[in-house]
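Open the model in your viewer and keep the selection panel at hand. The tour goes stop by stop.

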Amino acid sequence: MKLSTLSRKAYEILWPKTLASQLIILLLAAIVVAQALSIWIFQDERRIAMVAAARDSLLSRAVSIAALIEDTPQNLQDRILEASSSRFAVFWVGTTPLAPEPGTSRFEQRLQGYLSKQLDQGQIAHLNIHADEKRGPRDRKFDHDDDDHGPSWRAVPKKERPHNLRKIMNKPEDLALSIKLTDGRWLNVATSYKPPPGAMIPLLVQLALTALATVLIIGIAVRRVTRPLKDLAVSAEKFGRGEELEPLTPSGPSEVQALTSSFNDMQDRLTRFVRDRTRMLAAISHDLRTPITSLRIRAEFIEDEENREKMIETLEEMAAMTEATLRFARDEAHSESAERADLNSMLESLAGDQQDLGHKCSVRMQEEITLSCRPVALKRALRNLIENGIRYGDTVDIEAVRSAGEAVIRILDHGPGIPEDRLKDVFEPFVRLDESRNEETGGIGLGLAITRSIIHAHGGTIKLSNRAGTGLEAEIRLPLGT
């Protein structure tokens with residue numbers, strides 16, 4: 001099996017089927033992506049702002065400490081420098097500047113200009129930045145030898161180096177600052193400020209609250225649209241099965257209300273159309289009975305026996321057709337309410353009736369099946385098929401299974417079958433494969449037409465096919481309904 005086929009099947013299985021679920025998933029995905037991009041962008045901006053603020057604070061503090069050192073006796077200067085140092089910055093006074101020359105980059109020159117405004121006129125200060133806010137720390141390889149080559153801090157004599165100088169200057173965001181004092185010594189500042197990690201919990205809580213609000217809002221909005229659509233779908237299915245329904249109450253958005261109103265109008269027009277045609281058919285069939293009876297009486301007085309018998313036979317055929325049509329119209333006009341019925345019991349009852357008449361009829365079912373139907377009409381349709389199978393095939397086997405939300409009924413006989421080009425013709429009214437219209441050989445040709453009409457009225461389908469070998473198979477598919 002190809003990978004594309006597997007992907008398509010996985011998509012069909014995992015992707016939700018309802019409109020509400022699809023909208024919620026798409027919107028949640030959009031929110032998560034947008035929030036992730038926002039967190040990434042603003043997290044970087046936060047880091048830049050915090051680093052800039054820390055450097056500005058450090059520069060101001062270094063200027064203040066330089067001024068304080070100038071006014072403090074030398075025996076107290078070490079205490080001041082120790083108190084000013086922290087785990088991110090170290091201050092000390094020595095003969096060698098940590099930053100031997102001012103930095104030459106635009107960023108260093110900008111900070112140098114800021115520092116010059118803070119210092120006294122003519123005071124010398126060197127500033128080196130080994131990382132900036134946007135690009136982060138610069139790549140440097142530190143030597144582990146105690147020579148005077150490599151990073152600037154190695155130029156500081158060992159006796160003047162604070163114990164944690166190497167540790168601080170090997171971290172990212174490092175800064176080196178040297179301010180020359182009036183006695184020729186240098187106030188050195190080494191710092192490596194690393195912003196604290198971003199607090200993800202508040203951001204995740206914000207994302208969760210946004211997602212929850214989105215789900216609630218979308219759920220309410222979509223429910224307002226899908227609920228009347230679901231009611232409309234259920235009503236359309238029931239109407240397709242021939243059930244009589246009350247008009248739906250329009251609800252939801254204006255577009256859905258317009259759709260519901262159109263469905264109500266269509267249902268009303270179709271119902272009236274079917275009733276008018278059924279009443280007209282019944283009236284025609286009823287009115288034909290009188291002239292046929294009159295002709296039957298007159299035919300009795302014909303002296304030519306051969307012609308008399310043929311005319312009487314023809315009139316009886318016409319009378320049978322009229323009666324059958326009248327029964328069909330009467331049944332159609334009869335409003336039978338739909339209800340849940342046990343298909344197993346119905347089929348076993350029909351098979352039992354044939355067995356009581358001495359015919360061979362078996363039923364095979366794997367599970368219990370219940371469906372919404374008009375039991376009397378459906379039983380009549382199935383009886384027509386079973387009786388046809390008995391008439392032409394002597395033995396009938398009935399199977400019933402549940403498949404994909406449908407009840408599948410198969411009626412199999414062992415007769416001669418039907419020519420392939422005539423399989424669809426037998427469903428037409430008054431069509432028979434044999435020329436005889438004798439009741440003993442199959443009636444007048446309305447049985448299968450009535451059967452198909454009943455099956456279609458239940459929203460189902462019926463298909464005839466010749467079996468391999470001998471016999472005919474009638475397959476009926478009926479929706480299980482709700």
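Which residues in α9 meet which residues in α10? Before selecting, note that this is a predicted model, where local features need pLDDT of at least 70, side-chain atom pairs count only at pLDDT 80 or more, and totals for chains, interfaces and linings use all residues. Residues are numbered from 1 along each chain as its sequence is written, and side-chain values use heavy atoms, with hydrogens and water left out.

**Stop 1: two packed helices**

Select α9 (343-356) and α10 (375-393). Helices here are DSSP runs of H or I with at least four residues, strands are runs of E with at least two, and both are numbered from the N terminus. On the α9 side, pick Met346, Leu347, Ser349, Leu350 and Gln354. They meet Pro375, Leu378, Lys379, Leu382, Arg383, Ile386, Glu387 and Ile390 in α10. Contact means heavy atoms within 4.5 Å. By class, this contact has 8 nonpolar, 2 polar and 3 charged residues. Nonpolar covers Ala, Val, Leu, Ile, Met, Phe, Trp, Tyr, Cys and Pro; charged covers Asp, Glu, Lys and Arg; the others, Gly among them, are polar.

The two helices pack at an angle of about 40°, with their axes 10 Å apart. Axes are lines fitted to C-alpha atoms, for helices over the stretch in contact, and angles run from 0 to 180 degrees between N-to-C directions. That angle makes α9 oblique to α10; under 35 degrees counts as roughly parallel, over 145 as roughly antiparallel, 65 to 115 as roughly perpendicular, and the rest as oblique.

**Stop 2: the open sheet**

Next, select the 4 strands of the open sheet, in the order β1-β6-β5-β2, with antiparallel pairing. Two strands pair if DSSP finds at least two bridges between them. β1 (89-94) and β2 (125-129) stand at the edges with a single partner strand each, so one side of each has no neighbour in the sheet. The twist averages 10° from one strand to the next.

Zoom in on β2 and β5 (174-180), joined in the antiparallel sense over 5 bridges. Click Asn128: its bridge partner in β5 is Ala176.

**Stop 3: a hairpin**

Select β12 (461-466) and β13 (472-479), antiparallel and joined by 6 bridges. Ser465 stands opposite Glu473. The hairpin has 5 residues between its strands, and Gly469 in the turn has a positive phi of about 100°.
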